[in-house]
Amino acid sequence: MGPVLTQLLVTSAGSRSQGLLEYGPRSARCALGRSGISPRKREGDGATPSGRLSLRKVFYRPDRLPPPLTALPLAPLQPDDGWCDDPADPLYNRPIKLPYPGRSEIMWRTDSLYDILVVLGHNDDPVVLGKGSAIFMHLAAADYAPTAGCVAVSLEDMTSILRHCGANSELVIRP
């Protein structure tokens, strides 16, 4: 593990859904939400929220990867893990167990996008209904396709980034 960084910076690069994530002297290409970066994130708008987002917890698929090296809280994903993205639900923007009666996202995906993911501190303290849910830093598609509002990087970049993160690390997202 390297020195712990307190700030990782994400900015737009090239198009609204493409970005650059800078951490210390390194940088990584990243995919952003299909609507770009916005200071007024709303549920379902496809925007990546701007601001200072804490790195809350790292999840990984234990059937596909070993635990990444990081000083952040770390947990293996389970097949019944989900995330509530229903603004009318009392568990909105919270982890849930599947099956779940409300609208939710499946965390144990068939593709590799959530093989490692970092829960970002957006709209979680306190939760405001409709202000956006399930904002993660996760793995990018091979073509860096736009996300639904998350920040996505390659597996190689994710493992490098996580080695430099600790309890006070923040993702600063700027338009």
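**Exercise 1. Begin with strand S12: which strands pair with it, and in which sense?**

Strand S12 and strand S13 (residues 151–153) pair in the parallel sense over three bridges. Strands here are DSSP runs of type E with at least two residues, helices are runs of H or I with at least four residues, and both are numbered from the N terminus. Two strands pair if DSSP finds at least two bridges between them.

A word on the model before we go on. This is a predicted model, in which local features need pLDDT of at least 70, side-chain atom pairs count only at pLDDT 80 or more, and totals for chains, interfaces and linings use all residues. Residues are numbered from 1 along each chain as its sequence is written, and side-chain values use heavy atoms, with hydrogens and water left out.

Step 1. Look at His138: the bridge partner of His138 in S13 is Ala152.

Step 2. Now turn to S11, which pairs with S12 in the antiparallel sense over three bridges. Here Leu117 stands opposite His138 in S12.

**Exercise 2. Find the aromatic pairs and say how their rings are arranged.**

Step 1. Settle the rule. Rings of Phe, Tyr and Trp (its six-membered ring) pair if their centres lie within 6.5 Å; planes under 30 degrees apart count as stacked, over 60 as edge-to-face and the rest as tilted. By this rule the count comes to two aromatic pairs.

Step 2. Take Trp83 and Phe136. Their ring centres are 5.3 Å apart and their planes stand at 90°, so this pair is edge-to-face. The pair links distant parts of the chain, with Trp83 in strand S8 and Phe136 in strand S12 (residues 136–139), 53 residues apart. Trp83 and Phe136 are both buried; buried means under 20% relative accessible area, exposed over 50%, and partly exposed in between (1.4 Å probe, protein chains only).

Step 3. Take Tyr114 and Phe136. The ring centres lie 5.5 Å apart with the planes at 90°, so this pair is edge-to-face. Tyr114 sits in the loop between S10 and strand S11 (116–120) while Phe136 is in strand S12, so the pair ties together parts that are 22 residues apart in sequence. Both Tyr114 and Phe136 are buried.

**Exercise 3. In what order do the three strands of the open sheet stand, and which strands are at the edges?**

Step 1. The order is S9-S8-S10, and the pairing is antiparallel.

Step 2. Strand S9 (95–97) and strand S10 (104–106) stand at the edges. Each has a single partner strand, so one side of each is left without a neighbour in the sheet.

Step 3. From one strand to the next, the twist averages 40°.

Step 4. Look at one pairing: three bridges join strand S8 (residues 81–84) to S9. Asp81 has Lys97 in S9 as its bridge partner.

**Exercise 4. Follow the chain through strands S1, S2 and S3: how many bridges join S1 to S2, and S2 to S3?**

Step 1. Strand S1 (residues 5–13) and strand S2 (residues 15–23) run antiparallel and are joined by six bridges. The bridge partner of Thr11 in S2 is Leu20. One residue lies between the strands of this hairpin, where Gly14 takes a positive phi near 90°.

Step 2. S2 also pairs with strand S3 (residues 26–31), in the antiparallel sense, over six bridges. Leu20 stands opposite Arg29 in S3. This hairpin has two residues between the strands, and Gly24 takes a positive phi near 60°.

Terms used
Axes are lines fitted to C-alpha atoms, for helices over the stretch in contact, and angles run from 0 to 180 degrees between N-to-C directions.
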